[in-house]
Amino acid sequence: MNVFGDLLSGFGTVLEPQYLLYAAIGVTLGTFVGVLPGIGPALTIALLLPVTFNLDDPIGTFIMFAGIYYGAMYGGSTTSILLNTPGESASVATAIEGYQMARRGRARAALATAAIGSFVAGTISTLLLTLFAKPVASLAVEFRAADYFALALLAMVAVTALVGRSLVRGLISLSLGLFLGLVGLDELTGQARFSFGTLELLDGIDVVVIIVGLFAIGETLYVASRLGQLPDRVTPLEPARGGFGWLSRQDWARSWRPWLRGTAVGFPFGALPSGGADIPTFLSYTYERHRAKNKAEFGKGAIEGVAGPEAANNAAFSGVLVPLLTLGIPTSATAAVMLAAFQIFNVQPGPQLFDKSPELVWALIASLYVGNVLLLLLNLPLIRLWVKVLQIPRPILYAGILVFATLGVYAATNSVTQVLIAYGIGVLGFFMRHFEFPIAPVILGAILGPMMELQFRRTLVLSNGDLSVFVTRPLTAVLLGLVVVAVLVPFLPRIVARLRGRPATAERLAFGEDD
Amino acid sequence: MSSEPETRAGVAEPVAPAPAPWGARVLGAVLLAVGLFLLWTAYRAAGGDYSASGPWLAPLVVTTGWVVLATWYLVGQFRTPHRVEPAILAESHTPPGPEAAARQNDEPDTAAARKDGSNATETRNDGSDAVDGRDDEPAAEVRALPPALVSAALLGYVLLLAPVGFVLASALFFVACARILGSRAWLRDIAVAVPLALGVYYGFTRGLDITLPAGVLPL
């Protein structure tokens, strides 16, 4: 069966009424939680994971997750535009122009270009995912343990080096994640590592515990320390112009090219191990600003500056799914949470996934199309509801987040100790934010570290302890070479400046902040 | 997350010779100490087993890396006290990036907008919040008491969870936490907390078949 036959059967599954309902619930829940200020898609999925524990239908659950993700991303753009509080760094670029548009009475146009741009980008990039997923998966069948080791290392190091402003702080975050991933029983020998003689730590520290701790608890503590500094005024929506008059003819004319360009940037960057949507959204923003005929408008609410990054953000997600589904390698914090969700259902993404559970994969991909349509249908008409959600007073909002975070960890682990561990990690997260350590490397380290170690040791067992396999196999050697390149890229401006004999005044390249 | 662009104001402004970042130095020292402790733990547990395919190589590599990085960070904090990360970035040279551009048009009227929009439920400082509290002087405008109180409330919450039950513990925690975060509307908080706790309890136990402690209430 060719790709489109597979996809059609996927649609056949998704369009059953019960699955449509799952998708609709997912989109609505995702938007609801995503709209809450300071909550990005990764935390949205982590907080909503417990809801799915006792659903015995993996297909329905993943359809719901796709909806939750899209909803969370869309909700995040609403928050960025109306409140200037991006829930994740991928929305920072949107917030720049979007908030300015909202303040100048063009909130509806900003929301519409974000929504329609997300729809366009989501549809095109899901199409690309449909076309690329299977070929990449069949290529990936050739991958050996050594290649997986190199890939995991590349994903981890690239994200740490490219995202965030300081390499040393990024690497310390990564070490923390790797350490958290080590705690517990060693998979191959059953030896206890870093359990400090306690039974509770033998099972290791669940990724959900780490995510909820870092994002929900850490974030709330951070907010608590800076109560006076929050923007708490929601920019009001201007009155509707009736019907579908959200975008004027001129807005359409100015939006469609940035949508397509954003998609073109977003998908490949998402597919490469480069930290998901952070880099493409900023690239798209910068590019649109350079291209703009009326540069002065940028910074004062240029619609291109919303259209491009939002499209890039959405396209990057489909891109991230390529390595996640075909290789089982998450390249962003959100993908790491998705992987954790897969593992709850004992579904191991990777090249075999397309052979073992094709109906699940294609239903998931088909649900991305459906989620996209639902999002467009639900969100613009419901915008008044989302504005209401934004107006929830902060103390109530954050108290609620803490209750749900505790509930999530408790429901996931049924253990007070695990909740305490999550709190402890939350305190750590508070200090990390305070001293500007990025969060994403912790999560990637915790989830990729064990994977990497396993593949490393598997390689050595197969090669009888001969370390040279890592350099003699061309694919592995190339991937390891890319790791070195990834570490050097941020220093390129300085290196170039020095080569030209100028003092190294150029700063380090950096994109976004974290997660 | 939630790093609102205007809290990064320090990037665009010329870097003033800020006081030495004592917080960062203490952090560096703590990181180094923890790293050494973990390295020692791994070293002792390995007991001479350094085989590359064995279980102790990864812990030793990770903890050694940790110690090296913590040393790098700590040394960086002492070298040039006025910069956060002298070895790698020169923050004073950061060009006006997208955030800076947005900020320049942003500052005057947001501050104004915020003053009249200030919510009665939140304690707020004066309007000086455009000045960055994150980049160079993490101590500015940062209060340690609320996060400490929230942490204490969380601790109480989870310890009460099993004996008292989910509903009561959650409702109590919710009200206490909202209060710590600046809410002064008791009745509203209780009116939100009780239905929320009950709704979640019934939703999870009846709807999703997830067990939550019932505690002292006859639910």
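Helices here are DSSP runs of H or I with at least four residues, and strands are E runs of at least two, numbered from the N terminus. Before you click around, note that this is a predicted model, where local features need pLDDT of at least 70 and side-chain atom pairs count only at pLDDT 80 or more, while totals for chains, interfaces and linings use all residues. Residues are numbered from 1 along each chain as its sequence is written, chains are lettered from A and ligands numbered from 1 in the order in which they are written, and side-chain values use heavy atoms, with hydrogens and water left out.

**Stop one: chain B**

Select residues 22-43 of chain B. This span is 100% helix and 0% strand, and its end C-alpha atoms sit 31 Å apart. Now jump to residues 154-178 of chain B: that span is 96% helix and 0% strand, with 12 Å between its end C-alpha atoms. An unreviewed UniProt entry puts "transmembrane region" on both spans, and also on 55-75 and 185-204 of chain B. UniProt positions follow the numbering used here, feature names are shortened, and annotations may be inferred rather than shown by experiment.

Next up are salt bridges (a side-chain nitrogen of Lys or Arg within 4 Å of a carboxyl oxygen of Asp or Glu).

Show A:Asp251 and A:Arg106, which pair at 3.1 Å, N to O. A:Asp251 is in helix α10 (249-271) and A:Arg106 in the loop between α5 (92-103) and α6 (107-140), so the bridge ties together parts 145 residues apart in sequence. As for burial, buried means under 20% relative accessible area, exposed over 50%, and partly exposed in between (1.4 Å probe, protein chains only). A:Asp251 is buried at 2%, and A:Arg106 is partly exposed at 27%.

Stay on α10 and pick A:Arg254, which meets A:Glu304 of α12 (304-327) in a salt bridge at 2.9 Å, N to O. A:Glu304 is buried at 14%, and A:Arg254 is buried at 19%.

Then select A:Arg457 and A:Asp186, another salt bridge at 2.9 Å, N to O. A:Arg457 lies in α19 (440-462) and A:Asp186 in the loop between β1 (184-185) and β2 (192-193), so this pair joins parts 271 residues apart in sequence. A:Arg457 is buried at 2%, as is A:Asp186 at 3%.

**Last stop: helix α22**

Finish on A:Ile495 in helix α22 of chain A, partly exposed at 37% relative accessibility.
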